[in-house]
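Work through the following exercises with the sequence and the 3D view side by side. Try each task before reading its solution.

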Amino acid sequence: ARALSMLECGLASETGLTVVTGEIGAGKTTLLRYVLEQLDDDDYTVGLITNTHAAFGDLIHWVASAYGLPHAGKSKVTLYEEFVEFLISEYGDGRRVVLMVDEAQNLDADSLEELRILSNINADKDVLLQIVVSGQPKLRATLRRPSMKQFVQRVTSYHHLKPLSLSDSREYINHRLKIAGIDVPIFDA
């Protein structure tokens with residue numbers, strides 16, 4: 001609930017960079033998908049990157065792809081310039097642009113720096129791109145490096161999802177069983 005509130009508050013207040021971390025299975029992707037479903041398509045243009053492994057190409061190509069922008073065969077500089085034009089166009093049409101990057105623990109420091117640079121794109125005092133980054137504890141460790149100081153300074157909201165408690169786990173299992181149509185307890189305490 002706190003992570004959801006933080007994400008909703010960050011999006012509503014037009015903060016530049018939000019980070020959510022947590023162990024595998026803590027609900028990061030579920031949380032991002034839920035927030036994504038809540039955003040009004042008339043007010044937001046959202047790009048989602050779920051595969052952040054460097055072996056699959058440069059981040060700016062993934063960003064362009066996330067918004068359906070042509071990117072094949074284009075240089076990083078050209079893509080950056082076209083992305084800035086895209087952001088300005090969306091801003092002119094009254095739409096806020098959000099980039100969600102899931103599995104960001106796979107990003108290296110250079111890619112995170114590219115995200116930071118993208119977060120610098122502004123129109124006067126208005127943020128043109130809101131970035132939500134989600135990843136496993138490896139991301140948290142990466143952000144603690146001294147070389148990541150400039151990135152961390154851009155983070156306006158941060159939350160680390162903790163595992164469910166024993167009682168919350170019981171409630172969750174019972175809830176899922178009920179949804180599946182099982183009304184009789186099948187597990188003991």
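The exercises below go from the overall build to the nonpolar cores and then to the aromatic rings.

This is a predicted model, in which local features need pLDDT of at least 70 and side-chain atom pairs count only at pLDDT 80 or more, while totals for chains, interfaces and linings use all residues. Residues are numbered from 1 along each chain as its sequence is written, and side-chain values use heavy atoms, with hydrogens and water left out.

**Exercise 1.** Describe the secondary structure and the extent of the protein.

*Solution.* Begin with the DSSP runs, where helices (H or I) need at least four residues and strands (E) at least two, numbered from the N terminus. The protein has eight helices and seven strands. Next, take the C-alpha trace, which spans about 60 × 40 × 35 Å along its principal axes. Finally, turn to burial, where buried means under 20% relative accessible area with a 1.4 Å probe, counting protein chains only: of the 189 residues, 38% are buried.

**Exercise 2.** Find the residues that touch the most other members of the largest nonpolar core, and the elements that contribute to this core.

*Solution.* A nonpolar core is a set of buried Ala, Val, Leu, Ile, Met, Phe, Trp, Tyr and Cys residues joined through side-chain atoms within 4.5 Å. The largest one has 31 residues, and Leu99, Leu115, Leu118 and Leu129 touch the most other members. Two or more residues each come from β1 (17-22), α3 (59-66), α4 (76-92), β3 (96-101), α5 (109-119), β6 (129-135) and α6 (137-143). Among these elements, α4 gives the most, with five residues. Apart from this core lies another of 14 residues, including Met6, Val35, Tyr44 and Val98. In soluble globular proteins, nonpolar side chains tend to be buried together.

**Exercise 3.** Classify the pair formed by the rings of Tyr67 and Phe86, and locate both residues in the chain.

*Solution.* Rings of Phe, Tyr and Trp (its six-membered ring) pair if their centres lie within 6.5 Å, with planes under 30 degrees apart counted as stacked, over 60 as edge-to-face and the rest as tilted. The structure holds three such pairs. For Tyr67 and Phe86 the ring centres are 5.2 Å apart and the planes stand at 45°, so the pair is tilted. The two residues lie 19 apart and link distant parts of the chain, with Tyr67 in the loop between α3 and α4 and Phe86 in helix α4. Tyr67 is buried at a relative accessible area of 12%, and Phe86 is buried at 14%. Together with Phe83, these two residues form one aromatic cluster.

Terms used
Buried < 20%, exposed > 50% of the residue type's maximum accessible area, 1.4 Å probe, protein only.
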